Amino acid sequence: MIREKNSASLYAVGTDGVKWYDGPLSVDEIPIGVVYKIHNSNNHLEAEPTYDEPEQDGPFPGKIREFITDSIPPEDYEISHFYIMNDFLQPNGHKRSDMRQPIEVIKILDQKKIPEAIKAIKNRMLELDQQRNK
């Protein structure tokens, strides 16, 4: 868990450590990033800091930014965003995919519409794949 949404998105899309692929992945192999909003204001999940020291600067000075816990019950989280990964358009002319940037971000405003959002994401990925293969 992390307090800052931007950093959470980087972890969601795998850019905490850049992963390289030899050539484009098939549309079925491209990962979809997911950012969850976790409800834990009173720390009932008993999350523990991943670092001993609070941040010195950044958005949460004097506070611990990242936490870890063994499990999060479904009632304590909701999906905040989905990310379609930028395997479709090679950044900076690279011939390999690096998954550094989401090509599209889908914000989830209603948890009941997640199945519709997933279907729309899959359809959009197929559209992008067709554009890529022209």
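1. In this predicted model, a network of salt bridges links E104, R124 and E127. A search of the whole structure finds 2 salt bridges. In one, the side chains of R124 and E104 meet with an N to O distance of 2.7 Å. In the other, E127 pairs with R124, and the closest N and O atoms are 3.0 Å apart.

2. The pairing of R124 with E104 links distant parts of the chain. R124 belongs to helix α2 (residues 114-132), E104 to strand β5 (residues 102-107), and the two are 20 residues apart. The pairing of E127 with R124 lies within helix α2: these residues are 3 apart, and about one helical turn separates them.

3. The geometry of helix α2 can be checked by its length. With 19 residues at 1.5 Å a residue, α2 should span 27 Å. The C-alpha atoms at its ends are 26 Å apart, which agrees with that expectation.

4. Helix α2 has a buried face. Its buried residues are I114, A117, I121, M125, L128 and D129. Viewed down the helix axis, the buried residues of α2 fall within an arc of 115 degrees, so they line one face of the helix. On the other side of α2, P115, E116, K119, K122 and Q130 are exposed.

5. What do the buried residues of α2 pack against? Their partners are the strands β1 (32-38), β4 (77-85) and β5.

6. The largest nonpolar core has 17 residues. Within this core, F82, I108 and M125 have the most contacts. The elements that contribute two or more residues to the core are β4 and α2. In soluble globular proteins, nonpolar side chains tend to be buried together.

7. With neighbours within four places in sequence left aside, I108 is in contact with I79, S80, F82, I114 and A117. S80 lies in strand β4. With a relative accessible area of 16%, S80 is buried, because the cut-off for that class is under 20%. Again leaving aside neighbours within four places in sequence, S80 is in contact with V35, Y36, K37, I106, K107 and I108.

8. The structure holds 1 aromatic pair. The ring centres of Y36 and Y77 are 5.2 Å apart and the ring planes stand at 90 degrees, so the pair is edge-to-face. Y36 is in strand β1 and Y77 in strand β4, so the pair ties together parts of the chain that are 41 residues apart in sequence. Y36 is partly exposed at 45% relative accessibility, and Y77 is partly exposed with a relative accessible area of 33%.

How values were computed
Residues numbered from 1 in each chain as written. Predicted model: local features only at pLDDT ≥ 70, side-chain atom pairs only at ≥ 80, totals over all residues. Heavy atoms only, no water. Salt bridge = Lys/Arg side-chain N within 4 Å of Asp/Glu carboxyl O. Helix = DSSP H or I, 4+ residues; strand = E, 2+ residues; numbered from the N terminus. Expected span 1.5 Å × (residues − 1). Buried < 20%, exposed > 50% of the residue type's maximum accessible area, 1.4 Å probe, protein only. Arc of directions from axis to C-beta. Contact = heavy atoms within 4.5 Å. Phe/Tyr/Trp six-rings, centres within 6.5 Å; stacked < 30°, edge-to-face > 60°. Core = buried A, V, L, I, M, F, W, Y, C linked by side-chain atoms within 4.5 Å.
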